[in-house]
Amino acid sequence: MQHRGEIIKEAVYKSGLSITELAKRIGKSRRWVYLMFENNSVSLDVILQIGTIIHHNFTKDIEEFEPIKKAFDKSSNNSDNSDFSGESWKNKYLQLLEEYNALLKEKINSSEN
């Protein structure tokens with residue numbers, strides 16, 4: 001099994017973000033961050049939160065994300081969105097919002113006639 005804490009530690013140090021700043025952004029103490037680096041089984045949601053803060057995609061580093069990536073790839077009809085980046089989620093949201101607005105306009109126009 002992979003040591004998740006070590007993977008996170010390496011990514012954090014490569015990001016250049018200080019431990020103090022990471023702890024502040026995640027709402028934890030510096031001690032908690034150092035203890036997390038020693039933890040073999042850091043939860044996936046904490047890993048994703050740290051990845052967002054340091055702009056690192058842990059889905060490529062941690063094996064447990066593989067089934068999630070495969071399921072997402074199957075449900076996504078656009079291969080550009082398979083990287084779980086914030087940009088891809090934003091684009092999906094904007095596309096849905098545009099479709100919703102078009103339906104809303106259509107509904108308003110049909111009720112006026």
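Here are legends for a few close-up views of this predicted model.

A quick note on the source: because this is a predicted model, local features need pLDDT of at least 70 and side-chain atom pairs count only at pLDDT 80 or more, while totals for chains, interfaces and linings use all residues. Residues are numbered from 1 along each chain as its sequence is written, and side-chain values use heavy atoms, with hydrogens and water left out.

**View 1. Tyr13 and Phe37 form a tilted aromatic pair.**
There are two aromatic pairs in the structure, and here the ring centres of Tyr13 and Phe37 sit 6.0 Å apart with 50 degrees between the planes. Rings of Phe, Tyr and Trp (its six-membered ring) pair if their centres lie within 6.5 Å; planes under 30 degrees apart are stacked, over 60 edge-to-face, and the rest tilted. Tyr13 belongs to helix H1 (residues 4–15) and Phe37 to helix H3 (residues 30–38), so the pair ties together parts 24 residues apart in sequence. Helices here are DSSP runs (H or I, at least four residues), numbered from the N terminus. Phe37 is buried at 4% relative accessibility, whereas Tyr13 is partly exposed at 46%. The cut-offs are under 20% relative accessible area for buried, over 50% for exposed, and partly exposed in between (1.4 Å probe, protein chains only).

**View 2. Tyr34 and Phe37 pair edge-to-face.**
The centres of these two rings are 6.1 Å apart and their planes are at 85 degrees. Both residues lie in helix H3, three residues apart, or about one turn of the helix. Tyr34 is partly exposed, at 33% relative accessibility.

**View 3. Lys28 lies over the face of Trp32.**
Lys28 is 5.2 Å from the ring centre of Trp32. To count as a charge over a ring, NZ of Lys or CZ of Arg has to be within 6 Å of the ring centre and within 35 degrees of the ring normal.

**View 4. His55 has a positive phi.**
Most residues other than glycine have a negative phi. His55 isn't a glycine, yet its phi is about 60 degrees. Look for His55 in the loop between helix H4 (44–54) and helix H5 (66–75), where His55 is exposed at 74% relative accessibility.

Key: Helices (H or I, at least four residues) and strands (E, at least two) are DSSP runs, numbered from the N terminus.
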